[in-house]
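Okay, thanks everyone, let's get going.

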Amino acid sequence: MRAVLPALLIHCSIGTVYCWSLFKADIAYYIDRPLSEVEWAFSLAIFVLGMSAAFGGRFVEKNVKRSALLSTLFFTVGMVGTGFFIYQKSLIGIFICYGVIMGIGLGIGYLTPVKNLMLWFADRKGLATGIAVAGFGLAKVIASPLMEMLMGPTNADGTLQNPANVYNMFYILAAIYAVCMIIGFLLIRKPKGHVESAAAAKAFSYRKVLSNKVFIGIWIMFYINITCGLALISQEKSMLAAVGFTAIGLMSAVTAVFNAGGRLFFSAWADRLRDRNTIYKIIFGSALVSIGAMIVFDGINAGSVVLVVVLLCVINAGYGGGFSNLPTLLADRFGLNSISTVHGLALSAWAFAGLSGNQLSAKSL
C-alpha cells in the first residue's frame with residue numbers, strides 16, 4: 001500500500017483535468033468570452049503538462065518525494081488561482097493558472113508514481129503502470145458528480161442558476177485535492193534498499209534517445225493516440241447534448257470508468273504478450289470497428305445515442321490503454337534506470353496533441 005495508495009491519491013487528484021468539458025461553457029458564460037477562446041486554457045494545460053514532464057523527468061528520477069511535493073504545490077495553487085481569475089473575469093489569468101501553473105503540477109505529478117510502482121512490482125511492470133495511471137482516468141468518476149453538485153442546478157438554457165458556483169467550485173476542489181496529494185507525498189517512497197544508479201544517469205544521452213528510430217515511432221504512435229482521444233474527451237459534453245442525452249454527469253463518470261479500466265486491463269494484458277506493440281494494434285482495431293459502425297448506423301439514422309455512448313466508451317478505454325502501456329514499452333527498449341526521463345520525453349507528444357486534438361475538435365463543433 002505504500003506504493004499503490006500514494007499513486008492513486010496523486011493521480012486521482014490531477015486527473016481532474018479531464019473534467020474540462022463539464023464546466024468550460026460555464027466559465028465562458030461567467031467571464032463573457034467566446035468558448036473558442038476559453039478552450040485554449042485546456043489546450044495550454046495539456047501542452048504544459050507534456051513539456052514539464054519532458055523537462056522534469058530527471059528531477060523525478062532523483063527524488064520522488066520532492067517531485068510529489070512540487071506537483072502538489074503547483075496543482076493546488078493553479079486551481080485556487082483559476083477560481084480567483086474566473087471571479088475577476090480575467091482570461092489571461094485563467095490561462096496562467098489553469099494552463100501554466102496547474103499544467104506544471106500535472107506533468108510532474110503524472111510522472112512521479114510511475115517508475116516508483118514499476119520498482120515495487122518488478123515482475124509485473126505492466127500491471128504496475130496500469131495501477132499508477134488508472135487513477136488519472138478514475139478521477140473523472142469521482143469528480144464529475146462532485147462538480148455537478150458544487151455547480152448546482154441549471155436553467156432551461158443550460159446556464160447555472162448561480163453562476164458564481166463555477167469559481168467557488170475550484171476553491172473547494174483545491175482544498176480537497178491538497179489534502180489527498182499531501183497524504184500521497186507523505187506516503188510515497190521507493191522500495192527499501194533501492195538506490196538510483198549514478199553511472200546510468202551520467203551515461204544517459206538525450207540526443208541518442210531523441211534520434212532513436214524506435215523512440216520516434218513510439219512518439220508518433222502516442223501522439224496520434226492522444227490527439228484522437230483528446231478530441232473526443234474535450235468535447236464529450238457537447239457530443240452527448242447534441243444527440244439529446246441529458247445525464248451528462250453520469251455518462252462522464254461511465255466513460256471515465258472505461259478510461260481507467262482500459263489503463264489497467266490493457267497494461268496487465270500486455271504483461272502476458274511477447275511484444276507489447278500488439279496492444280496498440282488491438283486498440284487501433286477496436287477504434288476502427290467502432291467508428292465504422294458509427295458511420296454505417298448513423299447513415300440509416302439508427303440508435304445514434306447508443307452509438308455515441310459506445311464510441312466514447314471504446315475510445316476512452318483505448319486512450320487509457322495507450323497511456324498505461326507507454327512506460328513499459330519504453331522500459332523494454334531503453335531500460336528501467338532512466339525510464340522517468342525517457343517517459344517524460346515521450347510525453348512531449350501529449351503536449352502537442354493537447355494543442356491539435358482539442359482545437360481541431362473545437363473548430364468542428
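Let's start with helix 14, residues 304-334: with 31 residues at 1.5 Å a residue it should span 45 Å, and its end C-alpha atoms sit 44 Å apart, so the two agree. That expected span is 1.5 Å times one less than the number of residues. Helices here are DSSP runs of H or I, at least four residues, numbered from the N terminus.

Quick housekeeping. This is a predicted model, so local features need pLDDT of at least 70 and side-chain atom pairs count only at pLDDT 80 or more, while totals for chains, interfaces and linings use all residues. Residues are numbered from 1 along each chain as its sequence is written, and side-chain values use heavy atoms, with hydrogens and water left out.

Back to helix 14. It bends by about 35° at L326, and a proline, P327, follows within four residues. By bend I mean the angle between axes fitted to the seven residues ending at a position and the seven starting there. Helix 14 is mostly covered, with 23 of its 31 residues buried. Buried is under 20% relative accessible area, exposed is over 50%, and partly exposed is in between, using a 1.4 Å probe and protein chains only. Just after helix 14, G335 has a positive phi of about 90°.

Now helix 5, residues 91-120. Its 30 residues reach 43 Å from first C-alpha to last, close to the expected 44 Å. There's a kink of about 35° here too, centred on G103. And 24 of the 30 residues are buried, so helix 5 is largely enclosed by the rest of the structure.

Last stop, L9. You'll find L9 in helix 1, residues 4-14, and at 18% relative accessibility it counts as buried. L9 and R276 are 267 residues apart along the chain, and their C-alpha atoms are separated by 27 Å.

Technical notes: Helix = DSSP H or I, 4+ residues; strand = E, 2+ residues; numbered from the N terminus.
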